[in-house]
Amino acid sequence: MKGNRTIYVIVGGVMALLLVVMLIAFGYNRSNEEALAKANQLITAFEEAGLTAPKDPQRVADVLGTDGGTVCGSVGSGVGRGIAKLHLMVGGSFATRPVINERRVGTGLLLTVKTYCPDKLPETQEFIDNLRLNG
Amino acid sequence: MSSVESVSDGAVPAAGSRVAASPNYITWAALALMTVSSVASLRPAPTMAVYGLACVFLYVLPAIVFLIPTALVSAELASGWSGGVFRWVTEGISPRMGFVAAWHQYAMTIFYYPSLLSFVASTLAYVIYPDLAASGVWTAVVIISVYWLGVLLALRGGIGVIAKLASSGVLIGTLIPGALLVVLGITYLAQGNPSAAPMTADNLLPAWNGIASVVLIVSNFCAYSGMEMNAVHVNRLKEPSKEFPKGMFVAMALVLVILILPPLVISWFIPAEQLSLTAGVMQAFDAVFAYFGIQWLTPIIGLAIVAASLAGFLTWLSGPSKSLLLVSQQGGFMPPWFQKTNKEGVQVNILAAQGIVTTILALLFAFVPAVSNAYWMFMTITTSVYLLMYLWMFRAAMNLRKRAPDHPRGYRAPALGFLCGMGIVSSAAAIMIGFVPPSQFADGNGGAFVAIVGTGVLLLGLVIPLLLIKLRKPSWQVSTPTGEDGAS
């Protein structure tokens, strides 16, 4: 049907436009000397806390860069913490349920914030303290 | 006898003898993919990756006790009675319970859209500008604009367009990225790299942490909720009695693969402690791509994951609201204004009313910290209400086997009584476990949590549907119940 073809063309066009924006806006080169130094700092913090640390600082630098990326982006706001609480649920695509999560994941988040965005540590600490964690 | 009870037997048309006058056929493969997009996605993969090898057990056990009963029983019901859950419960229990079941299915979607679309917002933020993840304005704009664009698509294209977009979305955004992740994971291990999570037999079962372990295991039953939802579109198949069961079996296999393998692979690459509570599946993909030096793929996969989420959104937009429309038209449970459909047979006013509610919820979620902080609780309550629907569905299936053993069915589930019994016990257990305070409820006051969830379940699951039944007027019944899903 012609009408449906128009719909598919519009949907395809919007997705293509979004892809172009995403390809342009994405931060490809997040690793530099500072990012590597912070990655090493994070790995040391993980080891000192008795957590399983990432092995390769380069990979950590590639993902978290110098600013911690979305990890730091999310923790500073009410909606970010609301979404984080939704991430703490298990299930499928549709139905999800909250569970009693493991403390080590909360500790990992705290150490990441401490390394990359220490200014957001107080509210992150408060967020973690207000979670009932296991272990 | 009520008006609904006086209908024809509502049998699914035999092969090649379609009754509904619909121009929009969908294929069984599209229906299977719609079911996959309704149930499975890569979104929960990082959360489950924390449990390493045990995530296999955490998905397989619920599959045995909940997915198999749900899929087989709904395949039998859909191959015998058109119209979906409301029709099955109407025929198997009573018309009023049919409405209640349709309401229980629909109620979940009220709070679902802001949650799902906030994930779309945070996925886009990860790629475009990470600080946007904390922006209420960004979150609200994405939720509201995507919702209304989805409604526009549903209104203009009908189920035919939704089916094509949803099946394309799940293929592009779930199956292909999932397969890519598995290939990269196998390559990673084949290169001699050690898995970040131990993969020995000792780790097959989750560590025993008392009630936390019980909550974890039983909560995951609901991972498979929604397998039956697309049965409301059964009459859009050319040979419903044969094609629906076929679609259901394919969907069941795909759902299992999609839910189990990606978290397992993520746990090979990333230590549990590094899986951030805030960055989700995008960070997991980014880390895997970083290892192989192909981070240029991250924005492409980001868009693909957004496409899959939109596919899931579109299927949920068109399913339960359609079910509510049918039960309202045939039983007169809602005022005629809500029963209006367009020329494509799409429930215009139900979607519009739902859109207003979604818009308000999105604004509250984005700008009122108390609401965003408590949103997980709304999801807990509505999931419990959704699970109630399964109690009625399994009960109806047992009754229909007894009362109408010779009713033509394209598929008969083996050991139906046992399957229904197992389904009822699993659903009841999942509802009960929803009353245990989770991580998000730091208060620790179990009584308060039970009171909040219990009140929510009572209000949404009992008071509202009973009120609608009480207020129902015979003049609100605008169509003769035929079991078909044609437009009014």
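**Entry 1: the contact between the chains**

I began with the contact between the two chains, to which chain B brings 86 residues and chain A brings 64 residues; two residues are in contact if their C-beta atoms, placed from the backbone, lie within 7 Å. Helices here are DSSP runs of H or I with at least four residues, strands are runs of E with at least two, and both are numbered from the N terminus. I then sorted that side of chain B by class and noted 49 nonpolar, 32 polar and five charged residues. In this sorting Ala, Val, Leu, Ile, Met, Phe, Trp, Tyr, Cys and Pro count as nonpolar, Asp, Glu, Lys and Arg as charged, and the others, Gly among them, as polar.

I reminded myself that this is a predicted model, in which local features need pLDDT of at least 70 and side-chain atom pairs count only at pLDDT 80 or more, while totals for chains, interfaces and linings use all residues. Residues are numbered from 1 along each chain as its sequence is written, and chains are lettered from A and ligands numbered from 1 in the order in which they are written.

**Entry 2: chain A**

I looked up the elements of chain A and found seven helices and two strands, which run α-α-α-α-α-β-β-α-α from the N terminus on. The domain assignment, which is automatic or comes from a database, gives domain 1 (1–28) and domain 2 (31–129) of chain A. The centres of these two domains of chain A, taken over C-alpha atoms, are separated by 32 Å.

What is the radius of gyration of chain A? It is 19 Å, whereas a compact globule of 135 residues would have a value near 14 Å; this radius is taken over C-alpha atoms, and the globule rule is 2.2 Å times the number of residues to the power 0.38. The C-alpha trace of chain A spans about 65 × 40 × 25 Å along its principal axes. Of the 135 residues of chain A, 50% count as buried; buried means that 20 or more other C-beta atoms lie within 10 Å of the residue's own, exposed means 12 or fewer, and partly exposed is in between, with C-beta atoms placed from the backbone.

**Entry 3: chain B as a whole**

For chain B I noted 15 helices and zero strands. The radius of gyration of chain B is 22 Å, close to the 23 Å that the globule rule gives for 488 residues, so chain B is as compact as a globular protein of that length. Its C-alpha atoms fill a box of roughly 65 × 50 × 45 Å along the principal axes, and buried residues make up 61% of the 488 residues in chain B. Among the contacts in chain B with a separation of 6 or more, 85% are between residues 24 or more positions apart.

Two packed helices are described by the angle between their axes and the distance between the axes. Axes are lines fitted to C-alpha atoms, for helices over the stretch in contact, and angles run from 0 to 180 degrees between N-to-C directions.

I first took helix α5 (residues 95–128) of chain B and helix α10 (residues 298–318) of chain B, which pack at an angle of about 170° with their axes 9 Å apart. That makes α5(B) roughly antiparallel to α10(B); angles over 145 degrees count as roughly antiparallel, under 35 as roughly parallel, 65 to 115 as roughly perpendicular and the rest as oblique. The contact includes Y112(B) and L116(B) of α5(B) and I305(B) and F313(B) of α10(B), and its residues divide into 15 nonpolar, six polar and no charged.

Next came helix α3 (residues 54–80) of chain B and α8(B), whose axes come within 10 Å and cross at roughly 170°. α3(B) and α8(B) are therefore roughly antiparallel to each other. Among the residues that meet are Y59(B) and L67(B) in α3(B) and F244(B) and M252(B) in α8(B), and by class this contact has 18 nonpolar, three polar and no charged residues.

Is S167(B) buried or exposed? With 22 C-beta neighbours inside 10 Å, S167(B) counts as buried; its place is in helix α6 (residues 136–190) of chain B. Leaving out residues up to four places away in sequence, S167(B) touches A30(B), L33(B) and M34(B).

N230(B), in the loop between α7 (211–219) and α8 (240–269) of chain B, is buried, with 35 other C-beta atoms within 10 Å.

A415(B), in the loop between α13 and α14 (416–433) of chain B, is exposed, with 11 other C-beta atoms within 10 Å. A415(B) has a positive phi of about 45° although it is not a glycine. Most residues other than glycine have a negative phi.
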